[in-house]
Amino acid sequence: MFTIDRYSPIPIYEQLIAQFERLILLGILAPNAVLPSVRALSQELSVNPNTIQKAYTELERRGLSFTAPGTGRFITLNAVQILRGEKEALLESLRELAEQLAVYGIAPEAAEEALREGYRRQSAKGENKE
């Protein structure tokens, strides 16, 4: 279910967080779905348990998961809404940045090219995984 690219410049815990987010948005990890234990995921991926714990701590901090003492970690009921809200916030930030670019006289075509370049860079990072 999870894959790690040990040669990626993206830290392993961030790779895990991104994969959890994707699985939540796709509905594969539904509300109240149980997450693998730190130990189990650590062994499965051959990753230090502290790295797994760091990812889980960040998921909890963002409200995407919760811990039930003695029973494990679970996806929160509103995880999808939180992630969609974060995406909308990013889009709003992009709109505000576009306003600033316009104030500085940067042509829409130049801004669009910069945006495409960002997508190309991210795509290249993903291609390095395989």
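Among contacts in the chain between residues at least 6 apart in sequence, what share joins residues at least 24 apart? In this predicted model, the share is 48%, where contact means heavy atoms within 4.5 Å. Residues are numbered from 1 along each chain as its sequence is written, and side-chain values use heavy atoms, with hydrogens and water left out. Because the model is predicted, local features need pLDDT of at least 70 and side-chain atom pairs count only at pLDDT 80 or more, while totals for chains, interfaces and linings use all residues.

The chain holds five helices and two strands, arranged along the sequence as α-α-α-β-β-α-α. Helices (H or I, at least four residues) and strands (E, at least two) are DSSP runs, numbered from the N terminus. The C-alpha trace spans about 60 × 35 × 20 Å along its principal axes. The radius of gyration is 18 Å, whereas a compact globule of 130 residues would have a value near 14 Å; this quantity is taken over C-alpha atoms, and the globule rule is 2.2 Å times the number of residues to the power 0.38. Of the 130 residues, 25% count as buried. Here buried means under 20% relative accessible area, exposed over 50%, and partly exposed in between (1.4 Å probe, protein chains only).

In soluble globular proteins, nonpolar side chains tend to be buried together. The largest nonpolar core has 22 residues, and those with the most contacts inside it are Phe 20, Ile 24, Leu 29, Ile 52 and Tyr 56. Two or more residues each come from α1, α2, α3 and α4 (79–103), and α1 gives the most, with five residues. Such a core is a set of buried Ala, Val, Leu, Ile, Met, Phe, Trp, Tyr and Cys residues joined through side-chain atoms within 4.5 Å.

Ile 52, Ala 55, Tyr 56 and Leu 59 are the buried residues of α3. Seen down the helix axis, these buried residues fall within an arc of 95 degrees, so they line one face of α3; the arc is that of the directions from the helix axis to the C-beta atoms. Their cover includes α1 (12–25), α2 (38–45), β1 (65–68) and β2 (72–75). Leaving aside neighbours within four places in sequence, Ile 52 is in contact with Leu 16, Val 38, Leu 41, Ser 42, Leu 45 and Val 47. On the face turned away from the buried side sit the exposed residues Asn 50 and Arg 61.

The N-terminal end of α3 is capped by Asn 48, with a side-chain oxygen 2.7 Å from the backbone nitrogen of Asn 50. A polar contact is a pair of N or O atoms within 3.5 Å; within protein, one must be able to donate a hydrogen and the other to accept it, and residues adjacent in sequence count only if both atoms are side-chain atoms. After α3 comes Gly 63, whose phi is positive, near 80 degrees.

Asp 5, in the segment before α1, has a relative accessible area of 7% and is buried; its side chain reaches the backbone nitrogen of Tyr 7 at 2.9 Å. Gln 19, in helix α1, counts as buried at 11% relative accessibility, and a polar atom of its side chain lies 2.4 Å from the backbone oxygen of Thr 3.
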